[in-house]
Amino acid sequence: MPEIEMKGITKRFGKVTAAANINLKIKEGEYVTILGPSGCGKTTLVKILSGIWEPTEGDCFIDGKKVTGIPTFERDLGYIFQNIALFPHMTVWQNTSYAPIVKDRGQDVMEKTTTENLELVNLLQRKGFKPFELSGGEQQKAGIARALCSGSKLLILDEPLSALDARVRLDLRYVIKNLVKSKGLTAIHVTHDQEEAMSISDRIVLMRAGGIVEVDTPENLYNRPKNLFTANFIGEASFIEGRIIDNNEDNCCTMRARNGYKLKIRNDSCMMKGAGVVIAVRPENLFISRKEEDNSIPGEIQDKIFMGSFMRYRIMLATDDLVQVEIAEAIDKTFNIGDNVNVIFKSEKLLVYPRPKEGLQEVLSLE
Ligand SMILES: Nc1ncnc2c1ncn2[C@@H]1O[C@H](COP(=O)(O)OP(=O)(O)O)[C@@H](O)[C@H]1O
Ligand SMILES: [Mg+2]
């Protein structure tokens, strides 16, 4: 199984830097997604890894071997695109068996691998169909079977689900992930959909504007994001800016938000009195009460949205910050739009960051 390394990869198109000094290691057998907003350089990275483009600077290594200058077909990888790239005049069987035939693997091997992989994606019964006779999901499954038939241990999937209907997209996620794991492949999956990335990845590489923001497991990126951008892009979060107004005591301090409201926050990184600070908080970690409560800020409910298993409230705080709060629907029938409530902040549930010099909105923006 292949191990991947990118060292100092930079790609420029004239004045645009699509990838800027990317360093990344992917372990063999890992399912890694490259996640980030449109235009951040995801496709650029996988095109460089697969040899479709050469980097302006830097090198890629597959299994320790430098592949710079080596053409795609000699890199031994399967590539699946967003726009399903089946040969339109060939049947499912002909499309799928293409690699074994081109590689001259012999009739027996060709028949065995083609049958096996079509079975894996549940398309053997459709082997005589042409692409136009298949649904979008089936076409992409045929594309996957074709890539698997190449026998490559490295699979690159560039937005493989983005062109499909929502329902099909959800099912096919797990089909792909399970295939990759059962065959012991290494997979690099590009997506702009954070929920998709969360649900299938061993690790997520989060990108923004040509650079890597953070690489970690979905759990760590959600629960302990090191960056404000990550806290905003992965899952949902509300943000409140302020300033620290006392000295650190037992890793806790007081933050003064806008309009004089105060919150107790954790201060594990020992920020000094006077420092600018931003807290981020997930909607399920905020609570609402009608009464005065410890560590709370008053606000008015602006929106109430039924989400099935929970209710989402959008609340304008007296600090002029809009926060989102999720409450399990079963325990809440009582809050309504226009109600004045107190939003409770539990300090152990708050993510705390130094206030960025360039401004919060700049750091959170997608570009
Ligand atoms: N062939 C190209 N010529 C010029 N600019 C390009 C080309 N391909 C991509 N870019 C630019 O590089 C940046 C990254 O693009 P891309 O890797 O396709 O992003 P993503 O896949 O994350 O949406 C974008 O600003 C895009 O406009
Ligand atoms: Mg892309």
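This is a predicted model: local features need pLDDT of at least 70, side-chain atom pairs count only at pLDDT 80 or more; totals for chains, interfaces and linings use all residues.

**A pair of helices**

So how do α5 and α6 lie relative to each other? Helix α5 covers residues 136–149 and helix α6 covers residues 166–182, and the two pack at an angle of about 15°. That is under the 35 degrees of our rule, and therefore α5 and α6 are roughly parallel to each other. Their axes sit 11 Å apart, and the crossing of α5 and α6 is right-handed.

Which residues do the meeting? On the α5 side you'll find G136, G137, Q140, I144 and L148, while α6 brings V168, L172, I176 and L179. Sort the residues of this contact by class and you get six nonpolar, three polar and no charged ones.

**The whole chain**

Now zoom out. The table gives some overall values for the protein chain.

| Feature | Value |
|---|---|
| Helices and strands | 10 helices and 20 strands |
| Box filled by the C-alpha atoms, along the principal axes | roughly 75 × 45 × 35 Å |
| Buried residues | 39% of the 367 residues |
| Share of contacts (separation of 6 or more) between residues 24 or more positions apart | 66% |

**Around ligand 1**

Next, find ligand 1. The residues around ligand 1 are F13, V16, A18, G36, S38, G39, C40, G41, K42, T43 and T44. Two elements, β2 (16–26) and α1 (42–50), each give two or more residues to this shell. Which of the elements gives the most? That's α1, with three residues. By class, the shell around ligand 1 has four nonpolar residues, six polar ones and one charged one.

**A closer look at E214**

Last stop: E214, which lies in strand β10 (residues 211–216). Is E214 buried, exposed or partly exposed? A residue needs 20 or more C-beta neighbours within 10 Å to be buried, and 12 or fewer to be exposed. E214 has 18 C-beta neighbours inside 10 Å, so E214 counts as partly exposed.

Leaving out residues up to four places away in sequence, E214 touches L206, L221, P225, K226, N227 and T230. Take P225 from that list: E214 and P225 are 11 residues apart in sequence, and their C-alpha atoms are 8.3 Å apart in space.

Technical notes: Residues are numbered from 1 along each chain as its sequence is written. Chains are lettered from A and ligands numbered from 1 in the order in which they are written. Helices (H or I, at least four residues) and strands (E, at least two) are DSSP runs, numbered from the N terminus. Two residues are in contact if their C-beta atoms, placed from the backbone, lie within 7 Å. A residue is near a molecule or strand if its C-beta atom, placed from the backbone, lies within 6 Å of it. Ala, Val, Leu, Ile, Met, Phe, Trp, Tyr, Cys and Pro count as nonpolar, Asp, Glu, Lys and Arg as charged, and the others, Gly among them, as polar. Axes are lines fitted to C-alpha atoms, for helices over the stretch in contact, and angles run from 0 to 180 degrees between N-to-C directions. Angles under 35 degrees count as roughly parallel, over 145 as roughly antiparallel, 65 to 115 as roughly perpendicular and the rest as oblique. A crossing is left-handed if the near helix is turned anticlockwise from the far one by less than a right angle, and right-handed if clockwise.
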